[in-house]
Every structure is written in structure tokens, then in C-alpha cells.
Amino acid sequence: MISIVAIVCGVLIAARWGAQIGLEWLNQRHVKANAGRVPAAFVGTVTPETYAKSTAYTLTKSGFEMIELTWNVVVLGVVLFSGVLPWFYRVFLHSMGTSVWAEAAFLAVVGIALAAVDLPFEWHAQFHIEERFGFNTTTAAIWWMDRVKGLLLGLALGYPLLVLILKLALWLGTWWWFWAWVCLAVFQLVMMVVAPILIMPLFNKFTALPTGGLREALLALGERAGFRARDIQVMDGSKRSRHSNAFFTGLGRFRKIVLFDTLVEQLDQPELESVLAHEIGHYKKGHIPKTIALSLGGSLLGFYMIALLAKSGWFLRAFGFAPGNLAPALLLISLLAGVVTFWVSPLFHGLSRRHEYEADAFAAELIHRYEPLIAALRKLNEKNLSNLTPHPFYSGFYYSHPTLLEREAALTRRA
């Protein structure tokens, strides 16, 4: 007999799927309604050919997203409600023993299996959609090697962390969840320092920006803003895609500025300075520690919920597990977390968009002009075939960055 808890979870999963499909459909209609000609705001800056291509790219990705969303719901439903998880848990522990090492291995195997189910969609997105629109530059060998490296790194780093969390529950009793959160927080902060030095170079090549006018101008900009970076590096993003980006990585004296090689090719020096000024704005406005604090607060709440549900018989029994088992509780919460976080994600995206506005304003003040940043944003939207006419509900729900029109309007108002 299906429990009321399982029914409620099924309804929540279906509600999220319905909302996601509805938002995609709404956005598709809005994009199609504006597809006939270049919107007035972009006439003279976007060619009809580029606009038509960006529209086709948006609609193709959206249609594929609807298929993938539906597939993910089917997989999640089968995994949660067919009884396969408690059956596999019993079989696995019967073969491997009941130690925390075996429990952590169970979680790792299930995670790998669920990731493998999504591989055909990742392949299609890269080698069909991205290829069709001229973005894909990777090869099948690099694509598979990335996933093998990711799997090995995940096991090397994630498996010991899982074992430690399960051990803490045995050692510390009631307050295990708090100390597990402390360990996770320390791990994440350490990884912010270690990843740029040891992990990211496993996937991409980083070279110092060549000595010359551009490097001197960017370093001088950082000095003027009171932002000292250890280095300015160029990443071979073109090895995998023609999409472009820029970011900071590392903490403290290990902080580095990273530019995609595609970005350096697409923008001129004043535009690159404006992009760097924008990124410095995130640092100067304290956006990075705020985001880290928000993330850590969410994980603290998550661990507390796991501790509550692990010892509650009604939750674990609803999915075929015996009460008191922490590993199944960790797995179930990770599978079901999205049905809650989906509905609150617009709040976090709204905060992110606010940070983008603040960083844009900082950049315009730092370089005493707003035109180079607008020019850079227009080029990046054009080169990346960004959706120039998203439905307001869709962008408000999903976008972590304001639309191009919104950013331009904010910059010109300040000017």
C-alpha cells in the first residue's frame, strides 16, 4: 500500500515537472511571437541572420529541455517508487557488509548509475545541438576523457567525505549533523584554493596572458580598483566550445583572473577592461562571500533535515527503508531536494541579478564610461546566440543574470 508520504512526494515531483514544462512552453510562445523581425531595441546592432539563428538556437534547446525534463521525471519516479532502491540496498550490503565504507559505496554506485542514465542527453546536446549551431569544438575522445576524469576525481574526493559523514553519525550522536556540516564547509573552502592549482589544470590548459598593452592595462585596472591578482591567465576554452566567459578563481594570494581564449578573440581592449572591471565589482561589493555564506547556510539546513528524517520512521518506511539508516536518508534527500529548491530558486536568482547590476555599475564608475561594457555585452550575447526576447516569467524564474535590455537600461539610467 502506497503511503501518504510517497503520494505527497509524487505530487511535488509532478508539480515541479508541470511548472518546468509550462515555463518552457510560455517562453517558446514568446520567442516565436518576436521571431518575425529584429526587435526595435536591437536594430543596427544585431543582424536579421544572427537574430534568426539565436531564435532557432533558443527553440531547439527548449524543445530538447522538455524531453530531458520528462525523462528525468520518469527515471526519478521509477527509482523512488518501484522499490528498486531498498532492494539494491539490501543486496549491496549483503554482499559488501554493513560498514560505513559499504554504505558510502552504495551511495557512490547509485550516484554513478543515475549520472550514466543522463549521458545520452549530454552527448546529444554537445554533438548535435551545439555542433549544429557552430559551438562545439570538442572531440569524442576529449568528451569521454572529461567524464572519466570527473568520475575518478569524484570518487577520490567524494567517497572519503561520505565515509567521514557516516562515521561522524556513529561517533557523535545527536549533533553529528552540525559537525558534518563543518567538515563539508571546510572541504568546500579548501577546494576553492586547491581546485585552481591542482584540479582545473587536469581539464584545461592555463597560460599567462602575454606581456603587452592588454596585460598592462588589465593589471593597471586592478591596481586602480585596489584589487591585486596573482596572475592573469588565458584558458583554452576553445578546446571544447566557442562560448566565452571570464572569472576569478582561488582565494587570498592564490586569486587569479581567468579569461577564455574565445573572449580575448571576440572583444577589444576597452571591452575586455570593462568585463574585468565587472568581475572586480563582484569582489569589491562582497558578492563572493555573500554567495558562499548563502550556500553554506543552505547546506546547514539540509543536514539538519537529513538528521530529522533519518530517525523518523514515517519517511524512510514510505520508500521501503528501515528507520534509522542514514545512508538511505542522504540518498532520498538528495533525490527529493529539487522539488523544494525549485520553488525558492527565483529568490536566489533575483539576488544574483541584483549583484550583476551592482557589478555593472561598479565597472562603469571604475572606467568612467558605460559604452565599452554595453558593447561587450552586445558582442557576448551575439556570439553566444543568447535569447534576446525571453518571457519575463521565464527570465525571472531561471536567469541568474539580467537580460541584455535590462542591463543596458540600468547602465544608461545611471549615466
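## Nonpolar cores

A nonpolar core is a set of buried Ala, Val, Leu, Ile, Met, Phe, Trp, Tyr and Cys residues joined through side-chain atoms within 4.5 Å. In this predicted model, the largest such core has 50 residues. The residues with the most contacts inside this core are L80, L85, W176, F303, F315, F319 and L332. Helix α13 (residues 326-336) supplies nine residues, the largest share of the core.

F319 shows how parts of the chain that are apart in sequence meet here. Leaving aside residues up to four places away in sequence, F319 touches V5, C9, L80, F81, P86, L332 and L336. In soluble globular proteins, nonpolar side chains tend to be buried together.

## The sheet

Four strands form an open sheet with mixed pairing, in the order β1-β2-β4-β3. The edges are β1 (206-208) and β3, each of which pairs on one side only. On average, neighbouring strands of the sheet are turned by 35° against each other, direction ignored.

Strands of a sheet pair through backbone hydrogen bonds, either parallel or antiparallel. Three bridges link β1 and β2 in the antiparallel sense, and F206 stands opposite M235 in β2. Strand β2 (residues 231-235) runs parallel to β4, with five bridges between them; Q233 has V258 of β4 as its bridge partner.

## Strand β4 and its cover

Strand β4 (residues 256-260) is largely enclosed by the rest of the structure, because five of its five residues are buried. K256, V258 and F260 point one way from the strand, while I257 and L259 point the other way; all are buried.

Helix α10 (residues 269-284) lies across β3 and β4 and runs at about 35° to β3.

## Confidence

The mean pLDDT of the protein is 91, and 98% of the residues score at least 70. Helix α5 (residues 119-132) has the highest confidence, at a mean of 96. The lowest is in strand β3 (residues 246-249), at a mean of 76. Strand β3 is also an edge strand of the sheet and one of the two strands that helix α10 lies across.

How values were computed
Residues numbered from 1 in each chain as written. Predicted model: local features only at pLDDT ≥ 70, side-chain atom pairs only at ≥ 80, totals over all residues. Heavy atoms only, no water. pLDDT = per-residue confidence, 0-100. Buried < 20%, exposed > 50% of the residue type's maximum accessible area, 1.4 Å probe, protein only. Pairing = 2+ DSSP bridges. Axes fitted to C-alpha atoms, helices over the stretch in contact; angles between N-to-C directions. Contact = heavy atoms within 4.5 Å.
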